[in-house]
Amino acid sequence: MAISPIKEPVKIRRKNLANGNVSLYLAIYINGRREYEFLRLYLIPEKTKADKERNKQTLALANSIKAQRIVDIQNGAHGFKDDYKAQTLFYDYYTALTEKRRKKESKGNFSNWASCLRHLKKYDPRPTLTFADITPKWVQGFHDYLENEAEAFGCDHRTRLERHPLSQNSRQSYFNKLRACMRQAYEDGVIRKNPMSGIKGFNAQEGTRDYLTLEEVRAMAAADCDYPEIKRAFLFSCLTGLRRSDITKLTWGEVTKLDGRTRLIFRQKKTGGQEYLDITPQAAELIGDRGTAKPGDNVFGDIRYPSDTNDSLRIWALRAGIDKRISFHVGRHTFAVLMLTLGTDIYTVSKLLGHRELKTTQIYAKIVDAKKQEAVDNIPKIF
């Protein structure tokens with residue numbers, strides 16, 4: 001009697017790419033189910049001996065990963081201890097992760113986590129959804145839902161006159177929240193492999209950056225604002241680039257004197273990064289005298305809720321003869337553009353803003369380039 005061969009549970013598959021390379025991935029068969037794991041390993045066209053050697057090493061690495069996956073499956077099949085907790089309820093885990101961010105991160109980022117959760121539940125409303133249910137196919141389905149079905153305010157039950165699809169940046173933000181959750185689950189040992197590996201997300205859509213010119217900042221400073229504390233805080237943002245969240249939590253213990261200069265030593269609320277920022281004499285003047293204030297006392301007083309603040313800023317701007325869409329964050333944009341316009345190199349501006357990546361600052365450089373081009377175009381004809 002012939003013995004039928006044992007079916008290999010893991011196979012290396014290949015996919016030809018448009019650039020001529022070949023992507024390697026694993027086809028994994030477990031309990032009648034087939035899953036794919038993209039390895040992010042690529043074979044290149046073999047034009048030289050070095051190319052052949054590189055491909056040889058790549059295949060060896062792929063076979064090593066394949067062998068480890070087979071061992072993982074065999075251990076699970078033969079009752080060995082499995083440290084992975086794939087039956088964990090996904091929404092419980094995601095909610096707990098969101099709550100951890102409530103006090104550590106900005107209100108806006110926390111709201112994005114919460115909004116993503118609402119869209120996830122609209123996409124898959126099962127309360128019993130586990131990590132075992134979240135396959136690459138499920139992830140791709142959520143991606144397609146965000147792209148084709150999800151609506152702005154789509155999880156809001158209030159009646160609206162019109163429905164609009166999600167913006168590109170909202171799609172990117174929500175998909176990245178799921179990616180961050182799955183990455184954390186992998187690090188916590190909840191899942192053996194990340195189902196989002198190899199699945200492309202959304203590219204960010206570059207938005208506009210409203211800002212004030214130096215003349216407009218001077219006009220704002222000369223005009224009356226209904227709330228002096230809002231005026232003081234906004235002008236401080238224009239001169240330092242600080243976000244609203246960092247200004248409202250700034251304490252006197254974070255204001256120091258060093259070699260006759262005023263320096264702020266604080267931790268950014270949004271990124272958690274430790275910052276050391278020397279400020280101008282005018283910015284220090286806006287801070288005022290400490291008097292009898294304790295180290296834990298706030299430097300700035302109440303500047304009201306964000307919506308109230310922005311309404312007051314727009315009224316103040318109109319009094320200054322400025323018809324622009326003003327929000328508190330315009331102060332930060334204004335500082336960045338002013339620094340670049342005055343000739344400060346982009347790396348220094350990036351450090352002053354506390355950006356983690358230089359590409360975030362490069363958006364402002366494009367604004368300055370546009371202003372330079374506009375200035376050149378204004379040169380009159382001379383012949």
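Helices α7 and α11 cross in a right-handed way (meaning the near helix is turned clockwise from the far one by less than a right angle). The residues that make this contact (heavy atoms within 4.5 Å) are F234, S237, C238, L239 and T240 on the α7 side, with V330, G331, R332, T334 and F335 on the α11 side. Sort them by type and you get five nonpolar, four polar and one charged (Ala, Val, Leu, Ile, Met, Phe, Trp, Tyr, Cys and Pro count as nonpolar, Asp, Glu, Lys and Arg as charged, and the others, Gly among them, as polar).

## About the model

This is a predicted model, where local features need pLDDT of at least 70 and side-chain atom pairs need 80 or more, while totals for chains, interfaces and linings use all residues. Residues are numbered from 1 along each chain as its sequence is written, and side-chain values use heavy atoms, with hydrogens and water left out.

## A hairpin

Now look at β1 (residues 10-16) and β2 (residues 22-30): these strands run antiparallel and are joined by seven bridges (strands pair if DSSP finds at least two bridges between them; a strand itself is a DSSP run of E, at least two residues, and a helix is a run of H or I, at least four, numbered from the N terminus). Across the pair, K11 sits opposite A27 of β2. Five residues separate the two strands of this hairpin, and G20 in the turn has a positive phi of about 95 degrees.

## A spot on helix α3

A114 belongs to helix α3 (residues 107-123). The C-alpha atoms of A114 and E99 are 9.2 Å apart, with the two residues 15 apart along the chain.
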